[in-house]
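Please walk through the structure shown here, taking the chains in turn and then the place where they touch. What can be read from the fold, the packing and the backbone?

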Amino acid sequence: MDRRPPTRRSFLDLLLGTTLVGFVGSVLYPVLRYLKPLPAAGPAGPVRLTRAEIGTLETKRFVIVPAAGTRVLVLRDERHALRALDARCTHEGCTVQYVPAQGGIWCACHNARFDLDGRVLSGPPPKPLPRFAVHEDDEGNVLVSTERT
Amino acid sequence: MRERRPARGLRGWLDDRYGIEPLVEFLRHKEVPLGHHSMAWYFLGGATLFFFVVQIASGVLLLMYYQPGEATSYESLRYIITKVPFGWLVRAIHCWSAHLMIGCLVAHMFSTMMLKAYRPPRELTWVTGYVLFALTLCFGFSGYLLPWNELAFFATAVGTDAVKSVPVVGDWMLQVLRGGTDVTIDTLYRFFAFHVVVLPLAVFGVIAIHLLFVQRQGMAPPLGTAAAPRGMRFFPNFFLRDLLLWLGCLLALVVLAAFLPYGPSIPGMEWDLGRKADPLAPAYPGIKPEWYFLWVYQLLKEFPPHILGLEGPQVCLLVVFVLLALWAAIPWLDRAARRDEPSPAFTDLGVAALLFIGFLTLKAWDVGTSVELPDEVRAPLAARNAAAIVVGVFAVVTVGRALAARRWFVWSGAATLHAVLHGMAGLSYLAAGTVALAAAGTLLLLGRVAGRSARPAGTGS
């Protein structure tokens with residue numbers, strides 16, 4: 001292998017190249033850090049549904065609330081039990097809805113269907129909808145956990 | 001040779017200072033090549049540029065009133081439409097012009113493809129045009145969110161979600177694009193910056209390079225006439241025709257905007273303001289993206305949840321990426337055109353691409369079905385109707401091309417077979433596609449074997 005001894009020119013080229021890479025890096029790094037948003041400051045711990053949200057839950061049988069850094073679908077099934085699932089379709093992120101007449105969850109964007117446990121029944125979603133724990137106390141307050149079950 | 005007299009007046013004044021005479025001489029001798037094909041194809045680039053200028057002008061007017069913000073985006077646009085004198089017209093012109101610009105751009109790209117204008121030495125003109133096409137789609141996508149209505153919200157949620165499929169940096173890209181993990185008003189701020197600053201600057205730069213290439217090399221002459229193409233003088237003959245076309249475009253634009261200010265009510269071509277975006281509302285039935293994204297939307301629906309251990313949407317987007325990458329590389333793939341010879345295989349590939357995209361778009365449109373039908377009935381019916389239209393188009397194009405003695409129908413035949421197997425025989429979209437590709441591969445292989453056996457010994461190259 002031909003290994004020529006370093007010359008003053010090759011050393012200066014190396015120095016110049018390294019400086020250039022350093023310069024570009026020093027410009028790009030803060031720009032890339034600036035572009036990435038900070039984590040959203042949301043409520044820590046379980047989320048309590050407001051009276052308006054509970055009203056919607058009772059009339060429409062479901063409501064979508066912000067919790068756990070996402071949109072959570074809270075629904076009351078046929079047995080009057082509460083369930084909470086991630087409202088973002090696992091296909092392309094559209095917001096799903098509970099269809100009481102079909103006893104299932106439906107995404108209108110690409111016609112995907114899930115059962116009430118979030119399992120995919122039909123359509124293209126590759127994963128089930130994540131579930132969250134939900135609790136209703138004796139006074140009718142509804143708490144959605146930010147932990148997935 | 002007669003010596004030209006020095007210019008007088010303003011031209012002379014400018015020439016003294018800036019030496020513009022070589023430029024004037026260049027324009028005086030500029031010609032547009034003529035051939036056996038219609039000249040109409042040469043006007044599509046100019047028409048696209050015209051609509052882009054209208055976009056800039058109408059966009060600046062909209063900016064006088066539009067205010068990005070959670071409490072102002074939707075409201076300010078509603079104010080423009082309902083209160084500002086001629087505000088509805090300015091917005092209608094902006095929307096119509098966007099659709100017409102993309103329509104002209106697509107037609108321009110396909111005409112370039114069919115005429116093989118991408119062949120050497122114009123490969124980079126094709127690439128810059130391709131980049132402009134991508135930037136224009138970004139323009140459409142980013143502008144879609146700005147009204148902050150329901151349609152905008154879900155279209156952006158779906159469109160940006162695709163980014164997370166990119167390996168390694170997907171999540172980072174998704175957050176940078178959205179300004180967070182989800183689509184919020186922060187996403188709108190970012191899209192606003194892209195739509196009114198970043199993309200216009202990028203498009204201006206790439207258009208300048210694209211036009212520089214076209215001016216430097218001239219328009220591509222028809223295949224096989226590179227040595228001595230006939231020509232039409234650009235000034236004034238071609239330029240006056242261009243002006244006339246632009247006048248026609250303006251007239252069509254104003255008539256469409258005045259009589260159909262909210263679009264022609266075709267899915268993917270309607271811009272009624274609708275309801276304000278509510279991130280906590282479920283997606284509504286019948287939601288569809290703009291017409292130029294419909295084929296990707298439908299393809300995403302056709303892929304099953306998992307393929308070969310990978311997630312269906314990821315594979316689907318990988319397929320789209322590969323197809324688009326192949327499209328960009330066409331100047332290097334089409335070896336016959338590189339030798340300035342006819343390349344019917346690539347003409348057929350262009351027809352196949354139109355049939356492939358057309359079938360998916362027609363199916364996404366639920367063509368020939370009623371909204372009252374349940375989804376389970378509607379989808380196969382739409383597929384059957386779309387396949388029937390594809391077969392009709394294929395028959396017309398094939399007869400036309402057969403009469404022109406261009407006997408190469410493998411790709412367009414495969415695209416039609418795909419549509420027929422899926423739409424009429426009831427095979428799944430992917431199974432039908434696999435059969436069609438296998439049939440095309442077999443035909444190509446048989447053709448190659450037959451070609452070799454027909455070739456006399458010693459003539460192999």
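This is a predicted model: local features need pLDDT of at least 70, side-chain atom pairs count only at pLDDT 80 or more; totals for chains, interfaces and linings use all residues.

The domain assignment divides chain A into domain 1, covering 1-36, and domain 2, covering 47-148. The C-alpha centres of domain 1 of chain A and domain 2 of chain A lie 53 Å apart.

The overall dimensions of chain A can be set beside that separation. Along its principal axes, the C-alpha trace of chain A spans about 85 × 35 × 25 Å, and its radius of gyration is 26 Å, whereas a compact globule of 149 residues would have a value near 15 Å. Of the 149 residues in chain A, 29% are buried. Among the contacts in chain A with a separation of 6 or more, 36% are accounted for by residues 24 or more positions apart.

One residue of chain A deserves a look at its backbone. His80(A) has a positive phi of about 75°, although it is not a glycine, and this residue lies in the loop between S3 and strand S4 (82-86) of chain A. Is His80(A) buried or exposed? His80(A) counts as exposed because it has 7 C-beta neighbours inside 10 Å, and a residue is classed as exposed when 12 or fewer other C-beta atoms lie within 10 Å of its own.

Chain B has a secondary structure of 18 helices and four strands. Taken along the principal axes, its C-alpha atoms fill a box of roughly 80 × 70 × 45 Å. The radius of gyration of chain B is 25 Å, which agrees with the value near 23 Å that a compact globule of 461 residues would have. Buried residues make up 35% of the 461 residues of chain B, and, among contacts in chain B between residues at least 6 apart in sequence, 71% join residues at least 24 apart.

Within chain B, one pair of helices shows how such elements pack. How do helix H11 (residues 294-302) of chain B and helix H15 (residues 344-364) of chain B lie, at what angle and how far apart are their axes? These two helices pack at an angle of about 75°, with their axes 8 Å apart, and H11(B) and H15(B) are therefore roughly perpendicular to each other, since angles of 65 to 115 degrees count as such. On the side of H11(B), the residues that meet H15(B) are Leu294(B), Trp295(B), Tyr297(B), Gln298(B) and Leu299(B), while H15(B) brings Ile357(B), Leu360(B), Thr361(B), Lys363(B) and Ala364(B). By class, the contact of H11(B) with H15(B) has seven nonpolar, two polar and one charged residues.

Further along chain B, Phe394(B) lies in helix H16 (residues 375-403). Phe394(B) is buried because 23 other C-beta atoms lie within 10 Å, and the cut-off for a buried residue is 20 or more. With its neighbours within four places in sequence left aside, Phe394(B) is in contact with Leu355(B), Ser412(B) and Thr416(B). The C-alpha atoms of Phe394(B) and Gly59(B), which are 335 residues apart along the chain, are separated by 40 Å.

The backbone of chain B also has features to inspect. A cis peptide bond joins Pro120(B) and Pro121(B), with omega about 10°, and Pro121(B) has its place in the loop between helix H5 (87-114) and helix H6 (123-145) of chain B. Another cis peptide bond joins Phe235(B) and Pro236(B), where omega is about 0°, and Pro236(B) is found in helix H10 (residues 234-259) of chain B. Leu308(B), although it is not a glycine, has a positive phi of about 50°. This leucine lies in the loop between strand S3 (306-307) and strand S4 (310-311) of chain B, and Leu308(B) is exposed, with 5 other C-beta atoms within 10 Å.

Finally, we come to where the chains touch. The contact takes 26 residues from chain A and 31 residues from chain B. On the side of chain A that touches chain B, the elements that give two or more residues are strand S2 (62-67) and strand S3 (70-76) of chain A, and S2(A) gives the most, with three residues. By class, this side of chain A has 15 nonpolar, eight polar and three charged residues.

Terms used:
Residues are numbered from 1 along each chain as its sequence is written. Chains are lettered from A and ligands numbered from 1 in the order in which they are written. Two residues are in contact if their C-beta atoms, placed from the backbone, lie within 7 Å. Ala, Val, Leu, Ile, Met, Phe, Trp, Tyr, Cys and Pro count as nonpolar, Asp, Glu, Lys and Arg as charged, and the others, Gly among them, as polar. Domain bounds come from an automatic or database domain assignment. The radius of gyration is taken over C-alpha atoms; the globule rule is 2.2 Å times the number of residues to the power 0.38. Axes are lines fitted to C-alpha atoms, for helices over the stretch in contact, and angles run from 0 to 180 degrees between N-to-C directions. Angles under 35 degrees count as roughly parallel, over 145 as roughly antiparallel, 65 to 115 as roughly perpendicular and the rest as oblique.
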